[in-house]
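I set out to record what I looked up in this structure, entry by entry. The notes follow the order in which I worked.

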Amino acid sequence: MSTPHDTPPVAAPAASPAAPAPAPRHALSLVSPLVAVLSLAVAIWSWSDSRERVRELKTELGRRLAESGKEVSESRLLARNADDAMRQVSERVGHIESLMTGAQQQQLALESLYKDLVQGRDQWTLAEIEQVLLTAAQQLQLAGNVKAAIIALEGADTRLQRANKPQFTALRRAIASDLAQLKAVPSLDEVGASARLEALVARHGSWPLASAQRSEAKPAARAEGSRDLGQEIWTELKHIVQIRRVDRNEAILLPPDQAYFLRENLRLRLLSARLALLAQDQAGFRADLDAVAQMLSRYFNTRDAGVAAAQKEVKRLASLQIVTRLPGIDASLAALDAYKGNL
């Protein structure tokens with residue numbers, strides 16, 4: 001097999017001008033196998049390279065397919081996990097929604113219960129206030145006890161103040177108005193007046209009667225040795241019969257048993273005046289004290305200091321106004337009825 005290095009010997013006969021035509025044909029015959037060899041080599045190299053590339057491509061494809069399969073598996077696993085997570089989330093959302101629904105129902109129930117409780121407490125408060133106001137009205141109408149009515153109204157206002165609700169404002173204003181009217185009523189020292197009457201009852205037994213007055217005239221002195229029987233008789237008669245100056249002759253005629261009943265009558269009149277004071281019976285109070293004043297001036301010694309002091313005390317007591325025109329608590333009761341009507 002010839003190679004490209006064998007061509008120089010062939011070129012030697014070129015000096016002969018007689019044979020130039022056969023050289024190209026010979027060269028072509030040498031080049032063709034070379035080209036064929038080169039082509040074959042290139043083809044072999046190409047085939048080998050292609051095969052290598054195909055192998056690499058197969059390997060890469062297999063690797064990528066494996067990676068893709070792994071990624072697909074991971075994707076599927078992630079998808080399953082996502083589905084599980086979504087399912088769990090959906091379950092939790094459903095549970096939360098059910099809890100929220102239950103909470104809303106409980107809130108509505110609590111609001112309804114609170115509303116009922118508030119209304120119940122308001123009604124209970126109103127019942128207490130109504131009872132207090134009715135008690136105050138009874139104290140004023142039946143006993144005329146202004147102090148008890150004031151205490152009752154102040155207690156009702158304190159109860160409403162602790163409640164601290166604006167719907168009670170009108171009722172509190174009405175109670176404040178009635179309180180102001182009651183506090184403006186002139187106060188009577190009932191206990192003091194009763195004690196003064198008791199003091200008169202305790203001292204009435206010491207007041208002397210007019211019929212028990214002693215004559216202030218002194219008997220004439222006896223002259224020694226010159227007193228006769230007539231003078232002695234006259235002196236004795238003056239001790240037995242005495243002439244007194246009194247304003248009422250009826251007092252002299254009172255026997256001892258009637259004097260006792262007179263003092264008892266006087267004591268009973270003083271006690272009756274005390275009862276009239278406690279009952280706020282103005283007419284009975286003055287009638288009893290007027291009767292006591294008449295008995296003192298008619299049957300007792302008005303020149304005695306104790307009797308004179310008793311007369312002044314009885315006069316001062318009789319001037320007391322034990323009954324005054326008391327205001328009612330109509331404003332408070334009307335405001336309470338108005339509030340109850342709006343419930």
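What pattern does the chain follow when read along the sequence? I noted first that the model is predicted. Read along the sequence, the chain follows the pattern α-α-α-α-α-α-α-α-α-α. My tally of elements gave 10 helices and 0 strands.

I then turned to totals for the chain. Of its 343 residues, 21% count as buried. Among contacts with a separation of 6 or more, I found that 78% join residues 24 or more positions apart.

Next I looked up a pair of helices. I recorded that H5 (residues 190-203) packs with H9 (residues 305-318) at an angle of about 150°, the axes lying 11 Å apart. Since angles over 145 degrees count as roughly antiparallel, H5 is roughly antiparallel to H9. On the H5 side, Ala193, Arg196, Leu197 and Leu200 make the contact; H9 contributes Ala310, Glu313, Val314, Arg316 and Leu317. Sorted by class, this contact of H5 with H9 comprises 6 nonpolar and 3 charged residues, with no polar ones.

My last entry concerns H8 (residues 282-299). I checked its length: at 1.5 Å a residue, the 18 residues of H8 should span 26 Å, and the end C-alpha atoms are 26 Å apart, so the two values agree. Which residues of H8 are buried? I listed Gln282, Gly284, Phe285, Asp288, Leu289, Ala291, Val292, Met295, Leu296 and Tyr299.

Technical notes: Residues numbered from 1 in each chain as written. Predicted model: local features only at pLDDT ≥ 70, side-chain atom pairs only at ≥ 80, totals over all residues. Heavy atoms only, no water. Axes fitted to C-alpha atoms, helices over the stretch in contact; angles between N-to-C directions. Helix = DSSP H or I, 4+ residues; strand = E, 2+ residues; numbered from the N terminus. Parallel < 35°, antiparallel > 145°, perpendicular 65-115°, else oblique. Contact = heavy atoms within 4.5 Å. Nonpolar A, V, L, I, M, F, W, Y, C, P; charged D, E, K, R; others polar. Expected span 1.5 Å × (residues − 1). Buried < 20%, exposed > 50% of the residue type's maximum accessible area, 1.4 Å probe, protein only.
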